[in-house]
Amino acid sequence: MTNPLALKIAREYGTPALVIDMDRVERNIARAQEICDTAGVANRPHIKTHKSPLLAQLQIKAGAKGITCQKLGEAEVMAQDGIDDILISYNLIGEEKIARLGALLARTNITVAADNEVVIAGLPAAAAIAGRSLPIVIECDTGRKRAGVETPAEVIALASQIARTPGLSFAGLLMYPTETGWTEAQRFFDDATAGLRQLGLDPAIVSTGGSPNLKNVGKLKGATEHRPGTYIYNDRMQVAAGVATWDDCALHVYSTVVSRAAPDRGILDAGSKTLTADTGGLDGYGLILEHPQARIARFAEEHGFLDLAKSNTRPAVGDVVRIVPNHVCVVVNMSDEVVMVRGDEIIGILPVAARGKLR
């Protein structure tokens, strides 16, 4: 049976629709801020999940020090809304990006991450455009094997390069430890810091990250800030990781059952263009709250294929269901707007202002 709010949203906005519960959003913001405050670590939330200046301002109002962006385009959107303390946690390369970075630095307090000599060599041009120094944090690989230098010796070498380059200043270290790798991250940090201090350098910023790591905030001695992102909405991956409950999931995808061609299967109007093909390592592509045993088994672009073989309850054509996505960040990036609700009331539409900012 479709709940009354779902019927109202389907009638007024159609489906598929992304819907956020603002009471849950605000509760999630407050909870993460309290965790950071209790640990004595600044909160610098990552906006990659919500991509909204309004929600970023809510995070700052709750006590966040500033924000984190993954791409320069996201930072430009946030700066336009008056946010003035932004960390870009990504290597920036190329004349086009350096020119934009310089223009942004001229009017906003920006720190950028780097993990190699090529990136660092290009950054003084941005400082020259802005007419001010550009702070750099060195990204360190502490177990994820993504970006980041792999040894403390590399940290020391890059910090030395930054320190002797006009227009740049060494600001600290950026880390994203695995959920179980904090002992190794501490060893890496201690060794890197000892070498930095021999050069007369001190990491004023020591930034850790990840919503699943909110349970670990404060474990790294010397950390100054944390960068959680997904926590504001949460998703099926966060529930599976044990850091959120279904009641903490603030974003649901409302989708209509458009076909039930056979007893054990059906079709949703939310396909890969809505829920995305990111499984997050989970079975299926989201949890249907009204039919938790049903599987969203596969996709076409506009079709979500339902496997109802093990479901005790089965939706009818026309039913509107609520889906908790596997990975909410990529789902949000597929939509121009989200519907905001409180309880059973629709309170407005929120543009996803920084969606699609891939550069």
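Guide: Helix 4 (residues 72-80) and helix 5 (residues 95-105) pack with their axes 11 Å apart, at an angle of about 25°. Axes are lines fitted to C-alpha atoms, for helices over the stretch in contact, and angles run from 0 to 180 degrees between N-to-C directions. Helices (H or I, at least four residues) and strands (E, at least two) are DSSP runs, numbered from the N terminus. This is a predicted model, in which local features need pLDDT of at least 70 and side-chain atom pairs count only at pLDDT 80 or more, while totals for chains, interfaces and linings use all residues. Residues are numbered from 1 along each chain as its sequence is written, and side-chain values use heavy atoms, with hydrogens and water left out.

Visitor: How is helix 4 oriented relative to helix 5?

Guide: Angles under 35 degrees count as roughly parallel, over 145 as roughly antiparallel, 65 to 115 as roughly perpendicular and the rest as oblique. The angle between helix 4 and helix 5 is about 25°. Helix 4 is therefore, relative to helix 5, roughly parallel.

Visitor: Which hand does the crossing of helix 4 and helix 5 have?

Guide: A crossing is left-handed if the near helix is turned anticlockwise from the far one by less than a right angle, and right-handed if clockwise. For helix 4 and helix 5, the crossing is left-handed.

Visitor: Which residues of helix 8 meet helix 9?

Guide: The axes of helix 8 (residues 152-163) and helix 9 (residues 182-198) cross at roughly 35° and come within 8 Å. Their crossing is right-handed. Contact means heavy atoms within 4.5 Å. On the side of helix 9 the partners are Phe 188, Asp 191, Ala 192, Gly 195 and Leu 196, and on the side of helix 8 they are Pro 152, Val 155, Ile 156 and Ala 159.

Visitor: Why is the pair of Tyr 285 and Phe 299 classed as it is?

Guide: Rings of Phe, Tyr and Trp (its six-membered ring) pair if their centres lie within 6.5 Å; planes under 30 degrees apart count as stacked, over 60 as edge-to-face and the rest as tilted. This rule gives one aromatic pair. The ring centres of Tyr 285 and Phe 299 are 4.5 Å apart and their planes stand at 45°, so the pair is tilted.

Visitor: Is Lys 51 buried or exposed?

Guide: Lys 51 lies in the loop between strand 2 (42-43) and helix 3 (53-61), and has a positive phi of about 55° although it is not a glycine. Buried means under 20% relative accessible area, exposed over 50%, partly exposed in between (1.4 Å probe, protein chains only). Because its relative accessibility is 8%, Lys 51 counts as buried.

Visitor: What phi does Thr 276 have?

Guide: Thr 276 is in the loop between helix 11 and strand 12. Its relative accessible area of 9% makes Thr 276 buried. Although not a glycine, Thr 276 has a positive phi of about 70°.

Visitor: What separates the C-alpha atoms of Ile 323 and Ile 288?

Guide: Ile 323 belongs to strand 15 (residues 320-324) and, at 0% relative accessibility, is buried. Leaving aside residues up to four places away in sequence, Ile 323 touches several residues, including Leu 251, Val 253 and Ile 288. Ile 323 and Ile 288 are 35 residues apart along the chain, yet their C-alpha atoms are separated by 4.5 Å.
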